[in-house]
Amino acid sequence: MTSVTDAPPLRPLTEPAVRRDIQPEKVLSVRGIKKSIRGKMIIHDVSFDVRAGEIFGFLGPNGSGKTTTIRMLVDLIKPTAGAIEIGGFNVHRHPEEALRHVGCIVENPEVYSYMSGWENLEHFARMQPGIGRDRIDEVVAIVGLEQRIHDKVKTYSLGMRQRLGIAQALLGRPKLLILDEPTNGLDPKGIKELREFIRSLAGQGMSLFISSHLLSEIQLMCDRVAIISHGRVRAVGTVDELVAQAGSYVVWQFDQTEAGRRLLAEEGVRLVANDEHQIEEGILAPMKEPIVAQMPAGRIQDLVEKAVRVGIGIRSVQHVAPTLEELFLRMTEGESIG
Amino acid sequence: MDRLLPLVQNETLKIWRKKRFYVVVLVLIILIPIFTYAQMRISQTNAQNFKDWRNQVMNQINDYQSTLASDSVPEEWKRYRRIAVQQLQYYLDRDVNPSTPDAITFTRGFMSGSVTLFYPLLVLAIASDLVSGERTTGTIKMLLTRPVRRWKILLSKILAMMLYVSLIVVTSFVLCYLISGVFFGYEGWDAPVFTGFDVSGAQVDSTNVHAIPQWQYMIMQGGLIWFSSMTVALLALMVSVLLRGTAASIVTMMAAVITGTILGNMASSWESAKYFFSVNLDLTMYMNGSPPPIAGMSLPFSLTVLAIWAAISIVVSFLVFTKQDILN
Amino acid sequence: MENKRTSSDTLWRVVGLAALLSTALLVAGFGYAVKDLVWPSPEHTPIQSPQAELPAKKPLSESSEIRITAIGDSLTKGFGDDEGQGYVKQVVAMLRDKWGIPVRLNNNLAVNGLRADELAESLRTNKGYQYTIQQANLVLFTIGGNDLFQSVTGEKASEATGQFDLEKLKAGMPEGLQRFEAVIEQIHALNPNAHVVYVGLFNPFYEMEDLRVGSPYIQQWNQQVYDILHRYDNMTIVPTYDLFENASDLYLSSDHFHPNHLGYEQIATRVVQSLR
């Protein structure tokens, strides 16, 4: 994490993820929520479920309604229509019961800067029954803030505040942890640590709801994802399903590039021009004269044989899955994404 | 209800750690010596000019009577002066010094003189920040996403605010007594004070006048100051719920309080001004027998007006706070 | 570390308890104040006259301190003196120079427009008046001018206009003197040991032709006052009727009735000359 030199890395919890697939119970259920603020419709239609033990990604560009939706999940904003249930309790009608099992950080981890980290945790511990000093010690150890926990928060770096925010969210042993853009402001090392940490939490059976405008983050961290744009959920599914929906590419490299291209065209393979595909540059850059084709994976063997028969040497054939970006662009019709 | 106490503890500790109360104490420690010094100079001059307090009171009475004889003094002032003369005469006739030179008397005067402006200011330092402060720093998002109903959060803030209002009143007394005692001596607890003057008419009606030892008078006066300060605090809370910014809340409230002081000084002809809360803040005037600024004002009247303003503030604060969307 | 963990609770206990006790005290005080103000239980403190020790009966110059009480009307108040001193403060200053002993002005209780009957009433009922007279070893006073002129015009002396009914002035004299005598008796009863100086009426009308006819009556008043005062060995009248007769432009203020600073200085000089 950024500029934290004196704090140890987030410590992944060691319990394995054994129960993830056999718990279909819904921790969070969002049904058709709408929200208008000052007569303007911000959220048109948002529905999704978060199951126990899964890491759920919430992906959308800035201004798509992500933060507004998250605020509705934790009772900061009341929806105009629709219902949100956490653990079977309606968040707005029974906030005490529903929020008991939720830990969250909305936007930045804002804690009281004039108090020490410890005093902040005491403060939030007093707000729910049954959280004693032992639990505070525990969460401090989990986020690795033991050294600085009695210093005033105003002396903390952003990364340390992030840890303190997470410690605060973990206090009540939540079943659902909601993190809003958790990687914002973190350096690559911090992001990696956080990712491992989140996985280990999920491994313990906790559900995580993570919002981001970064595809790579969601793709790396999440089991399932909902994509939101213009106040509407465009798609919900596992990351694999969504990727499959997007179709995939096959990248060819021949020793005689032009002959190879002709062969593929004769065989009826759709070739994609360089500026039309959405493959990350990093994948194609080291390749010499790659040819990107869109074709069923099953035909690769057949085409390789044909090429060998006519004497065209094959340097490599590579099956490349698209990023979510392409999928996303298709769904959101060209909205920019970070 | 058992979950409320930890919440009050939270709010109390937050105010303490935000050093709001230190600011209040600091302001008192700076201001009280200034007033003490000013009062000491006055006392020294009086000691030079007058053989004892009776001469001084007689001189004061004579000064007032001279303005009564003047044609250029407005009738309203004359009424105040006439009442003051009759009260001073009441003290003189019973050979009771109306202002013994000691720390308790000074403190009594300081507190009763501070009730319209100074106490509201001190109270605002704490109350205006309670909700808007959490909004500005964004901590309100943490606070309201805990499994606690919003009305409990607000109630705990109000209770903590009440505790600090009490602390402000008592601390100001203690500091004022300790500091002024260095110059005036730590006496005066038993000195009698007359209360019960009825000044609603042109003449003072002293039927109900009785003497109270000064220590008891101080507690009663403190109670009245507490009540008006609580009203200011509750209004400030409402304003800070509605306006969202601490600075805007303080400015709005100070404007309202100062307006009341000005109206009290000049609005005797505009009777409806008496329904404005800040015109009624000085409840101590009913104890020391000063005539109210507007005809028709009495202790029950002022208490009712303040209570209604306070009740409206509470209702509005709760309605808005429990319903409003946290967007920023 | 352990200390820091417990400090939150200790702080809360101390602050919370102090605040709770304060609140209880103030709420109780509030309740009692409301009860006491709305349903008072009157308990009358008896009227009690303050007793001042009377001065020793001896010449002023031999006293350890001269304590002056001044009572009366606008002349004693010093009306017309732009420097706000009147004759009283000038007497204080002159006496200080004369004998070099401390001189203190207890009170100057003069009120503009005061009449002798009002002064007698104050002396009879007002504890403050009585107290300050008793403290004094020198009492300075002026009175009677307003009685005299109100009997004629119904107005204060300073507002007297041209229409002057001599008969009324003559008829009003006895009542005025009666009131004056009451004042003298009160002062004597309160403090027989003090030196009492009455500043006699002066004649501001001498140079006004319409009013000049009243001049003998002013002198007559002073004569009758002397008849009363000479019975008390500690009382004197200081004559001033001659002071401004031909010098009104020099000694009178812009209202042509009250002396100006210089005029009061003349009066003060005479008062001091009369004292021993």
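Hi everyone, let's start with strand S2 of chain C: with six residues, S2(C) gives the most to the lining of the second largest pocket. Strands here are DSSP runs of E, at least two residues, and helices are runs of H or I, at least four, numbered from the N terminus. This is a predicted model, where local features need pLDDT of at least 70. Residues are numbered from 1 along each chain as its sequence is written, and chains are lettered from A in the order in which they are written.

Back to that pocket: its volume is about 550 Å³. On a 1 Å grid over the protein atoms alone, a pocket is an open set of points with protein on both sides within 12 Å along at least five of seven lines, a cavity is a set where a 1.4 Å probe fits but cannot get out, and lining residues have an atom within 4 Å of a point. The volume is the space filled by probe spheres set on the points, which are joined across faces, edges and corners.

Which residues are closest to the centre of this pocket? Of the 22 in the lining, they are B:Asn59, C:Gly84, C:Lys89, C:Leu105 and C:Asn108. The lining divides into five nonpolar, 11 polar and six charged residues; Asp, Glu, Lys and Arg count as charged, Ala, Val, Leu, Ile, Met, Phe, Trp, Tyr, Cys and Pro as nonpolar, and the others, Gly among them, as polar.

Terms used
This is a predicted model: local features need pLDDT of at least 70, side-chain atom pairs count only at pLDDT 80 or more; totals for chains, interfaces and linings use all residues. Side-chain values use heavy atoms; hydrogens and water are left out.
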